[in-house]
Amino acid sequence: MLRSLFGAQKCWGLVSRSAGQSRKLIDMSTKVSPAAWTVSRRHYSPPTHIKQSAVPNDSGTMAEIKLEMMKRLGLEPGYNPLPKSREHLLKYQPKLEDLPARAMQDSFTSAILPLSTDRTLQDKYVNYVGSVRLGRLLEDMDMFAAWCCHKHLKLPYLPEGVHLPYTFVTILVDRIDFTKLKASGTEDIRLSGHVSWVGTSSIEVVVWLEQMVNGSYMKLTRALFLMAARNAINTAAAPVNPIQPANDEEKVILAGGKDRKRQRQIRCAESVFNVEPNDPEQTLMYQLYKRTTPSTTLELNKRILPPNCRWMSDSYQMSTIPSFPEHRNHHNRVFGGFLMRSASEISWAAAFLYCKKRPKLEHISDISFEKPVGVDSFIKMTAYVVFTQLNYMQIMTVADVLDTQTGNQVTTNTFYYTFSAPDAVTEVLPRSYHETMWYIQGRRKFEASMGMK
């Protein structure tokens, strides 16, 4: 039985197809035991009747998908500071009532990263210990989510030969969990996914990654993307095909999508950046104050650092990245996947330098895309260690675009990562009220990633 994505039990729909059978959504669920402090994700182990051949490679390679998307949108290779106008496509924008309903299975697709045979591709994906660069995979997952949106669309009144009058942008990545499988940089990786919920113009997409291990595909991760459909020139929302569930399993997943939207709204409304912390959190804030304030003097702003602790203000890494046209998406903005890769890599560096041992990425949550980023931008990435517990580190990474003339900066993205270390880590503590808010926010994200709330 399929269950909601959130709460103590979580489920993610995977579509499969076997010989002579129709596509079917497969339940993959997990229960996380907070007491065990485990990040084991049993939903990555598919039922025994799922075979390697059940998920066909029906879209080719990721390189082929990129070319096909450009073809559908009427884009050409090569950079032009003034891209070709798409205003003529606005007249082909369909109305919602003209769009036929689609089943989730209609958008199911898969693709391959041929790392085992393409040595040039290997060089881009492998790290210095032979594992795969997870940041590169995040880029591919973002593009693949957009491809699933393409597969979902059906425009019966679009004349033949007319390019797709749509633009797809990433709004947020809700959560990404990782299995214990150590991904290799030299074995094929398969992406698969489908649309799991739609609003009027918003689309939720589930994307899975698997890697070939000893002749069969093993689960690496899955991600939940929320995409927005925009018109051809990205100035207004565009309607998308509604979903008509093909079976009871699709009905459950669709209902879960509505609940996930509600949960996202609640989390946003309850953020410490919007409302004051709750009573238990305010008690924790006072305890932090008592731990870091000397009892021998009332001197203003005099703070003490307890043993085996580290100030948050001393626990960050920062990098300024000039963006280039190679980082652009199909609409001459910085590709969201590039921002995800850059943020994940500096976050990993921050975790490594904090614990002084190679960390493991366990969970990514709430990647938000607040504003578009131009291809001529300077992007400042800052990764802060905002909370620690046992051998876990919670990283909050902020992306700011710098104004080269005034020096002002605007936050465009926020990322949250949970890393584990081989041993217990030094406790991070806030010194200011502002840092305490980050500490509380990081604690919330950590507890959510561990299934504790």
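Helix H8 (residues 433-449) comprises 17 residues and spans 24 Å from its first C-alpha to its last, close to the 24 Å expected at 1.5 Å a residue; the expected span is 1.5 Å times one less than the number of residues. Helices (H or I, at least four residues) and strands (E, at least two) are DSSP runs numbered from the N terminus. The model is predicted: local features need pLDDT of at least 70 and side-chain atom pairs count only at pLDDT 80 or more, while totals for chains, interfaces and linings use all residues. Residues are numbered from 1 along each chain as its sequence is written, and side-chain values use heavy atoms, with hydrogens and water left out.

Of the 17 residues of H8, 13 are buried, so the helix is largely enclosed by the rest of the structure. Buried denotes under 20% relative accessible area (1.4 Å probe, protein chains only). H8 is followed by Gly451, which has a positive phi near 75°.

The protein chain contains 8 helices and 16 strands. Of its 453 residues, 52% are buried. Among contacts (heavy atoms within 4.5 Å) with a separation of 6 or more, 74% join residues 24 or more positions apart.

The largest nonpolar core has 104 residues, and Phe144 and Tyr166 are among those with the most contacts inside it. Helix H4 (residues 134-152) supplies the largest share of this core, 10 residues. Such a core is a set of buried Ala, Val, Leu, Ile, Met, Phe, Trp, Tyr and Cys residues joined through side-chain atoms within 4.5 Å. Beyond its neighbours within four places in sequence, Phe144 contacts residues including Met62, Ile65, Leu191 and Val207.

Methods
Buried < 20%, exposed > 50% of the residue type's maximum accessible area, 1.4 Å probe, protein only.
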